[in-house]
Each structure stands twice: as structure tokens, then as C-alpha cells.
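Dear colleague,

I am handing over the structure we discussed, and it is placed directly below. My notes on what was found in it follow, and I would be glad if you read them with the model open beside you.

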Amino acid sequence: MANEFPQACTIAGSDSDGSAGMQADLHTFFRRKVYGTAVMTAAVAGNSYGIHDSVTLPTTFIDQEFKDLADDYHVRASKTGMLADSELIRTVIKNYQAYDFGPLVVDPVITTKHGNMLLEQNAYKTLRDELIPLATVITPNFFEAQKLAEMPINTREDMATAAQKLRQLGAKSIVLKGSHHDPNQKTVSDYVLLESGEAFWMTGKFFPTDRKNGTGDSLSACIAAELAKGNSVKDAAKIAKRFVDIAIENDIAVGHKFGPINHWAPADEL
């Protein structure tokens with residue numbers, strides 16, 4: 001019967017070198033045995049040295065992408081990636097509310113992994129005030145969590161406090177990614193706060209490598225894939241953490257500088 005196979009959707013930009021964005025999401029969906037669909041919001045021209053140009057797609061085209069998927073597929077979970085401006089964010093919100101695309105994982109792409117802002121203030125406010133309240137799960141990196149919670153994070157207690165503040169923004173569950181910018185650290189600890197109030201830590205080994213492009217995209221995509229298969233947020237977060245850790249640990253020699261993680265590496269039995 002049509003549409004029995006689990007399907008997920010990435011709502012994100014296309015990354016021409018395949019290391020991040022929509023491509024990383026689709027790699028992840030495929031690896032987790034979920035059929036991946038996509039609403040392309042933008043396209044980026046870049047390689048392992050950096051990003052050199054980008055365009056945002058017309059909102060009428062994005063509307064049509066949503067409609068065509070809704071008319072034919074059964075999207076059981078979806079995730080957002082980089083959304084460039086307020087108009088684009090509101091277009092995504094409008095369509096997500098109009099169609100049943102399952103639970104929403106919001107990767108709040110606000111800053112880089114090094115803390116540099118990617119969104120202008122108006123777009124940031126739209127994402128914070130209008131998109132995050134729709135999220136089943138949000139997956140901020142360390143710097144995004146500080147920005148959203150409006151507080152510095154220096155300790156594990158700070159991470160727990162920040163997660164509670166993020167809950168107040170409307171997201172049901174939070175996967176707060178720990179700091180990984182100290183080259184001498186040995187582990188990375190992520191903090192998970194579930195809708196039920198249950199909280200737990202996920203700690204993995206720190207890998208000092210420059211082949212980490214797509215880590216955040218793949219984590220949120222893996223969570224969406226597991227939700228599409230009917231897994232709980234708790235189980236989805238644990239699987240995603242392990243999936244990404246294995247993909248970073250077993251790197252591949254692609255590109256000359258900042259390379260991608262290895263989506264082939266994660267084991268099927270995760």
C-alpha cells in the first residue's frame with residue numbers, strides 16, 4: 001500500500017559540496033532507512049574552503065513544494081535547517097500549519113559552531129518567537145543556546161538552567177549540544193530535557209578533527225528520522241548522538257579543508 005514506508009522531510013538549503021544542509025539531512029534519512037523528501041529554501045555555492053554565494057528561493061516556489069509533497073506523500077516527521085530571513089521563516093510556518101508533516105525538529109541555525117551570528121536580528125526574533133513554539137524538539141548548539149536563553153553557559157548546572165529557559169520559548173523538548181570548542185577537552189556532553197520533565201545527559205568522546213561539517217544538521221535529521229519511524233524523542237536523541245559520534249570518529253578524506261562527517265560509518269543496529 002502506498003505511503004506505508006516511513007517518510008521524513010528536510011526544510012532547508014541545498015549545500016553544493018554535500019557536507020551540510022539538505023544534503024546532510026538526506027544522507028542521514030537514507031542511512032536510517034527513512035525515505036527523505038525535501039523543501040528547498042535556498043541554495044549555497046561552496047566547498048570545503050568556504051561559502052562563496054547563496055540565493056533564497058521565491059516563497060511561491062516554496063509554497064508549491066509543500067503542496068506537492070502534501071498531495072502525494074505521507075511525511076511523518078520534518079526538520080528545519082538554515083532559514084535566511086523573516087519572510088522565509090513565516091512561509092515555512094504557514095505551510096507547516098496548513099499541512100500535516102508530523103512532529104517538527106527545529107535546528108535553530110542562528111550562529112556557527114564558533115559563535116558567529118548567521119541571522120539578522122529580525123529573522124532571529126521571528127525564529128525565536130514564531131517557529132520555536134511549533135517545535136517538538138529543538139537542537140541548539142552551545143552558542144545558540146546561550147543566545148536563546150539570554151545567559152552565559154559555563155557549567156553543567158548552567159546547561160540545565162538554559163534548557164528550562166528554552167522550554168519557556170514553547171519547544172516541547174530540548175537537545176542542548178555541549179561545548180566542543182576546546183581542543184584539549186576529552187568529552188562532549190549534551191543535555192536533554194523532555195516534554196515530561198525528564199532530563200538526562202548524553203556524553204561522548206571529543207574528536208579533534210576538522211571534518212565535522214554537517215554535524216548539527218545530521219543530529220537533527222537523525223532525530224526526525226527516528227520520530228518518523230515512531231520512536232520516542234528520548235530514544236531518537238540517544239540514537240542521533242551515537243550516530244553522529246560514529247560519523248565523526250570514522251572520518252573520510254573528502255575536500256581539502258573543512259570536510260564532512262562520514263554518513264557511511266554508523267552501524268545499522270543503532
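**Strands, overall form and salt bridges**

A hairpin of two residues joins strand β2 to strand β3. This is a predicted model, in which local features need pLDDT of at least 70 and side-chain atom pairs count only at pLDDT 80 or more, while totals for chains, interfaces and linings use all residues. Residues are numbered from 1 along each chain as its sequence is written, and side-chain values use heavy atoms, with hydrogens and water left out.

The chain holds eight helices and nine strands, these being DSSP runs numbered from the N terminus (helices H or I, at least four residues; strands E, at least two). Strands β2 and β3 (residues 50-56) run antiparallel and are joined by six bridges, where pairing requires that DSSP finds at least two bridges between two strands. Within this pair, Ala42 has Thr56 in β3 as its bridge partner. On the parallel side, β1 (residues 7-15) pairs with β2 (residues 35-47) over nine bridges, and Cys9 stands opposite Thr37 in β2.

As for the overall form, the C-alpha trace spans about 50 × 40 × 40 Å along its principal axes.

The search of the whole structure finds nine salt bridges, each defined as a side-chain nitrogen of Lys or Arg within 4 Å of a carboxyl oxygen of Asp or Glu. One of them pairs Glu226 with Arg32, with the closest N and O atoms 2.7 Å apart. This pair links distant parts of the chain, since Glu226 lies in helix α7 (residues 215-228) and Arg32 in the loop between α1 and β2, 194 residues apart. Both Glu226 and Arg32 are buried.

A further salt bridge joins the side chains of Arg90 and Glu130 (2.8 Å, N to O). Arg90 lies in helix α3 (residues 86-98) and Glu130 in helix α4 (residues 121-131), so this pair ties together parts 40 residues apart in sequence. Arg90 is partly exposed, with a relative accessible area of 42%, and Glu130 also counts as partly exposed, at 31%.

With kind regards

Technical notes
Buried means under 20% relative accessible area, exposed over 50%, partly exposed in between (1.4 Å probe, protein chains only).
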